[in-house]
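Have the sequence and the 3D view open as you read.

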Amino acid sequence: MNFTPEIIDLFFGGLKKQGPGDDAYTLRALRRLPTQQFSVVVDAGCGTGRQTLILAKELNALIHAIDTHQPFLNELARCAQKVGIDHLIQTHCMDMKDIPSIFPQIDLLWSEGAAYTIGFSNALKSWASVVNPSGFVVVSELSWLHNKIPNTVKEFFLSVYPDMHTIKQICEIAETAGYQVLETFILPKETWVKDYYDILEPRAKNLLDHPDSSVRDFAADIIKEIKIFHCSEESYGYAFFILQRV
Ligand SMILES: C[S@@+](CC[C@H](N)C(=O)[O-])C[C@H]1O[C@@H](n2cnc3c(N)ncnc32)[C@H](O)[C@@H]1O
């Protein structure tokens, strides 16, 4: 999300999650890993940290939570303190493209719905340089799910995410970047709606007559995105990729 801090706060402030996802599916991905013992864990593009809190609780390990939006990290720190696990979460306001220079040896790199912000293939390649041999990368990424794509959906993504790939293509990208694909699975539709689109849509409608034209434009974009989602015929979705560094 490359928007102004004002836009991020207006649209995403106070949301439990900033993209499609759900605690049950974070846990499902975590439990697919053949070990649950990690020394260095990084959550890239953590947002307000829905998944960071789960990782910390489940692994009982320190999680380095990275995001460029400080208010999200403040909210994560507040939640972690509230549930008594603040000692397990260290926030870093930084760009995930700088991960290799700050974290030279990572055992588990997690990133839900955020790797695309530095280019999905580029993210996998650059993280491969610092994920330990046999270490893991778990990412979720927007993917084409089948090739019967309604024209309106195709046109929409051609303009907003021309780099979107199929799950098979993403697996090939991961293999080329130096990972073995352990598993993939698709997030069900309701993980987009509950606590995300169901809050974002009325918020966007209320902001359509905001005095700032960039806010109005963003509100219209969100409404369009949600409309496209409902007529997508499930041609795209978010998929999890559980990868092991080879
Ligand atoms: C779609 S949200 C996903 C947040 C969270 N992982 C979730 O699933 O709810 C993407 C997050 O990445 C952060 N972000 C965007 N570009 C970034 C970058 N270059 N480095 C670190 N974080 C970034 C945004 O501030 C936002 O919190």
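Which residues of H3 are buried? They are Arg50, Gln51, Thr52, Leu53, Ile54, Leu55, Ala56 and Leu59, where buried means under 20% relative accessible area, exposed over 50% and partly exposed in between, with a 1.4 Å probe and protein chains only. Before going on, please note that this is a predicted model, in which local features need pLDDT of at least 70, side-chain atom pairs count only at pLDDT 80 or more, and totals for chains, interfaces and linings use all residues. Residues are numbered from 1 along each chain as its sequence is written, and side-chain values use heavy atoms, with hydrogens and water left out.

Helix H3 spans residues 50-59, and eight of its ten residues are buried. Helices (H or I, at least four residues) and strands (E, at least two) are DSSP runs, numbered from the N terminus. The cover over the buried residues of H3 includes helices H2 (23-31) and H4 (70-82), along with strands E1 (41-44), E2 (63-67), E3 (89-93) and E4 (106-112). After H3 comes Asn60, with a positive phi near 50°.

UniProt, in an unreviewed entry, places the feature "domain: Methyltransferase" at residues 41-135; such annotations may be inferred rather than shown by experiment. Over residues 41-135 the chain is 38% helix and 27% strand, and the end C-alpha atoms lie 10 Å apart.

| Residue | Relative accessibility |
|---|---|
| Trp144 | 14%, buried |
| Thr191 | 3%, buried |

Trp144 sits in strand E5 (residues 131-144). From Trp144 to Gly84 it is 60 residues in sequence and 40 Å in space, C-alpha to C-alpha.

Thr191 belongs to helix H9 (residues 190-206).

**Where H1 meets H10**

The axes of helix H1 (residues 5-12) and helix H10 (residues 213-230) come within 11 Å and cross at roughly 45°. H1 and H10 are therefore oblique to each other, the term for angles that are not under 35 degrees (roughly parallel), over 145 (roughly antiparallel) or 65 to 115 (roughly perpendicular). On the H1 side the contact is made by Glu6, Ile7, Leu10, Phe11 and Phe12, and on the H10 side by Ser214, Val215, Phe218, Ala219 and Ile222.

Key
Axes are lines fitted to C-alpha atoms, for helices over the stretch in contact, and angles run from 0 to 180 degrees between N-to-C directions. Contact means heavy atoms within 4.5 Å.
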